[in-house]
Amino acid sequence: MASQWTAIPPPPGTTGAYGYQQPPAYHPVQVRQNFAHPPPVHYPAMAPQSPLPVAGTPPPPQKKMNWPQPVRNYVQRSFEPKNMLPNITTKEMEVKLKATITEATDNDTLHTLDWDNMALPQQLIHDERINAARSSWQQDSVNLHLAGNGSANTAQDITKKRKSQEIGGGDDDATSIPPWRITNNRNALEDRISFASPKDRLDKRQQPLQDDSTQKGISKSQKNYQKNLEKRQKRFDGGYKSNYRPSPSPEPSSGPVVGTCQTLEKQYFRLTAAPIPSQVRPEHILRQTLELLKRKWKKEGNYSYICDQFKSMRQDLTVQRIKNEFTVTVYEIHARIALEKGDLGEYNQCQTQLRVLYAQNLGGNPVEFKAYRILYFIHTSNRTSLNDVLADLTTAEKEEHAIKHALSVRSALALGNYHKFFRLYLDTPNMGAYLMDMFVVRERLAALSNMCKAYKPDVKLRFVTEELGFESDGDAAQFIFDHNGQSLLEERGEGELRFLTGKAGLVFESAKGEAFRHVDIKGQI
């Protein structure tokens, strides 16, 4: 049956105008005969569409702008590194530059402006920011002034009135009752209490004292408060004048004190004020005092008295700023006496001051006391300061007998060579043996702990005496007894004593740990 619909031809001129044929509304698909791979579908190739000309008049050609040379120089000068500002980005400069040139072009002033003397875009942006900040500050000042005159209070009153009307619905704040007081009947006590507003309380504080006729209704506490407030105001206004007068103090002298005291012996007192010349001994008196103290030390040996007198001498030397060979002698003698008595506190003070005096080449015995310093740091286990002393030693100083001995002691302890250490202990120069006596006990405990591990089951007591530097077998036996070793000595044939090293390991290991746990650095008597 033939269709009654006839094909509507395309509008006239359409095919010629657009130049393409309409594609079919469907793609032909081949029917599958089995479940194998489907045959490839061939789609009709479509001709590439060529760009179509737009109907109408062609656009006018863009006019090329010929910028004047001053404008070009202005743009180039704007982006020079020396003219850049750190707080203005290049993007902001480009926007401002474009706006400036566009405005000149629109106003037809592109050729008349003085571009050589015109401000750069970054300077224009900087000026605009300053003006904006100044305007904001002026507006804040005006608002603050208006608030002080009551404008802000008026606005606050209006806001309060609007809120009270919204809650209560009335016009009077005093007669409006909040809803929580209406619905909550348990606050009857609060309804009977009248609370003063903060403004009223402030007004009452600032009111002056009134006449007696108007103060009848004022309570006693309020009167006291007003009196205290008046006193406080008088105090800050200068109504009270302090009667305190500082005691006159003597003006400090610009130079050192010159002592006039003629007394040879003087007790040491710690200074709490400027020294008085009549209580300070001059140098020639101090020299006589030193000779007197040397004789008394050899004759009496009273360390408390000698230490007090030497501290007094050191104080007189310090306040008079006397630094010479005599000063070095005083400190060296005091340090030796302190070492002999085991007073590490006073010895350390003298040693510290001697280091400063030796740096000024004032004489004395720097080699002897540098050796003492090395042994002192070995005793206190201060490895940092010990390394500093070793770094300061010169090649010539390392060849000196006292310093060479101290360095050998350090090396023997670092290597754990207790045999060499006790040989050095028995041959210590000067007064270094007093310092080594302070740490020889802990080194003997460490050596005994190592001997208990190396020699088993026992060794002769004489071997312990010779290895650990004891003067006799009795001293060695007493040392073992003092460290809970009563059962560690056994007598065998012909009176020979044996030290049971196989049983003593744990005893002396714990004693060694206790000895190395804490070192008294100060050691002051």
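Biologist: Is Arg287 buried, partly exposed or exposed?
Modeller: In this predicted model, Arg287 is partly exposed, with a relative accessible area of 42%.

Biologist: Which residue does Arg287 form a salt bridge with?
Modeller: Its partner is Glu283, and the closest N and O atoms of the pair are 2.9 Å apart. Both sit in helix H10 (residues 283-299), four residues apart, so about one helical turn separates them. Glu283 also counts as partly exposed, at 24% relative accessibility.

Biologist: And what does the pair Arg129 and Glu92 tie together?
Modeller: Arg129 forms a salt bridge with Glu92, with 2.9 Å between the closest N and O atoms. Because Arg129 lies in helix H4 (residues 121-148) and Glu92 in helix H3 (residues 90-106), the pair ties together parts that are 37 residues apart in sequence.

Biologist: How many salt bridges are there in the whole structure?
Modeller: A search finds 23 salt bridges. Some are linked in a network, which involves Asp458, Lys460, Glu490, Arg492, Glu496 and Arg498.

Biologist: Switching to the backbone, where is there a cis peptide bond?
Modeller: A cis peptide bond joins Lys456 and Pro457, with omega at about 5 degrees, and Pro457 lies in the loop between helix H20 (440-454) and strand S1 (459-460).

Biologist: What about phi of Arg321?
Modeller: Arg321 has a positive phi of about 55 degrees although it is not a glycine, and this residue is found in the loop between helix H11 (303-319) and helix H12 (325-340). Arg321 is exposed, with a relative accessible area of 56%.

Notes: Residues are numbered from 1 along each chain as its sequence is written. This is a predicted model: local features need pLDDT of at least 70, side-chain atom pairs count only at pLDDT 80 or more; totals for chains, interfaces and linings use all residues. Side-chain values use heavy atoms; hydrogens and water are left out. Helices (H or I, at least four residues) and strands (E, at least two) are DSSP runs, numbered from the N terminus. Buried means under 20% relative accessible area, exposed over 50%, partly exposed in between (1.4 Å probe, protein chains only). A salt bridge is a side-chain nitrogen of Lys or Arg within 4 Å of a carboxyl oxygen of Asp or Glu.
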